[in-house]
Amino acid sequence: MLRVSGILSIVLLAVIIFGGIGTYNSIKEARINVDAQYGQVENQIQRRADLIPNLVNTVKGYMKYEEKVLTEVTAARAKVAGASSPEEMAAADAALSGALGHLFAVVENYPELKADAHFTELMREVSGSENRIAVARKDYNNAIKDYNVIVSTFPGIMFAGMMGYSPIASFAAEESAHSVPQVAF
């Protein structure tokens with residue numbers, strides 16, 4: 001009788017240990033995936049930011065009186081380069097998107113600029129970057145969702161706190177993105 005209970009204790013202990021190892025590995029893998037997906041968000045935002053100096057230089061030749069808009073775009077790009085957390089990156093990205101929106105609105109006043117082949121190609125590249133950023137954000141948020149499910153449900157919740165893992169906030173749009181833009185002609 002003692003022998004059977006000893007064997008059952010060992011089997012139960014082994015199940016708990018291997019279950020814990022499996023849960024630990026799942027949490028760790030999910031966190032690594034979150035970090036990798038965030039890297040892709042940064043990669044795409046940086047790609048767009050790298051296009052900005054060429055875009056600004058192309059536009060400068062045409063826009064004699066729009067220095068404020070060009071300064072705004074340049075400052076927003078610098079914020080992207082200086083972002084050190086997902087929250088700062090989200091805010092910097094929103095500022096850069098807004099500044100580019102102002103630039104594109106001003107460009108409408110310069111038909112010769114819109115006809116410039118170099119400018120047109122840069123605009124196409126920036127637009128493609130916007131799409132890549134949207135996809136990278138979606139993938140990042142999906143990875144966060146998967147991670148949050150693991151660290152917030154049983155048995156992950158038992159181990160996550162002990163290992164210092166907690167839920168992560170999704171990459172969210174700035175509050176201003178929820179309001180309807182005002183267009184004046």
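## A buried tyrosine and its partner

Tyr140 is buried, with a relative accessible area of 3%, where buried means under 20% and exposed over 50%, with partly exposed in between (1.4 Å probe, protein chains only). This is a predicted model, in which local features need pLDDT of at least 70 and side-chain atom pairs count only at pLDDT 80 or more, while totals for chains, interfaces and linings use all residues. Residues are numbered from 1 along each chain as its sequence is written, and side-chain values use heavy atoms, with hydrogens and water left out.

The count comes to 3 aromatic pairs, taking rings of Phe, Tyr and Trp (its six-membered ring) as paired if their centres lie within 6.5 Å, with planes under 30 degrees apart called stacked, over 60 edge-to-face and the rest tilted. Tyr38 and Tyr140 form a tilted pair, at 5.3 Å centre to centre and 50 degrees between the planes. Tyr38 lies in helix α1 and Tyr140 in helix α5 (residues 117-152), so the pair ties together parts that are 102 residues apart in sequence; helices here are DSSP runs (H or I, at least four residues), numbered from the N terminus. Tyr38 is also buried, with a relative accessible area of 11%, and Tyr38, Tyr140 and Phe171 form one aromatic cluster.

## A second pair

Tyr147 and Tyr165 form an edge-to-face pair, at 6.4 Å centre to centre and 75 degrees between the planes. Tyr147 is in helix α5 and Tyr165 in the segment after α6 (156-163), 18 residues apart, and both Tyr147 and Tyr165 are buried.

How values were computed
Helix = DSSP H or I, 4+ residues; strand = E, 2+ residues; numbered from the N terminus.
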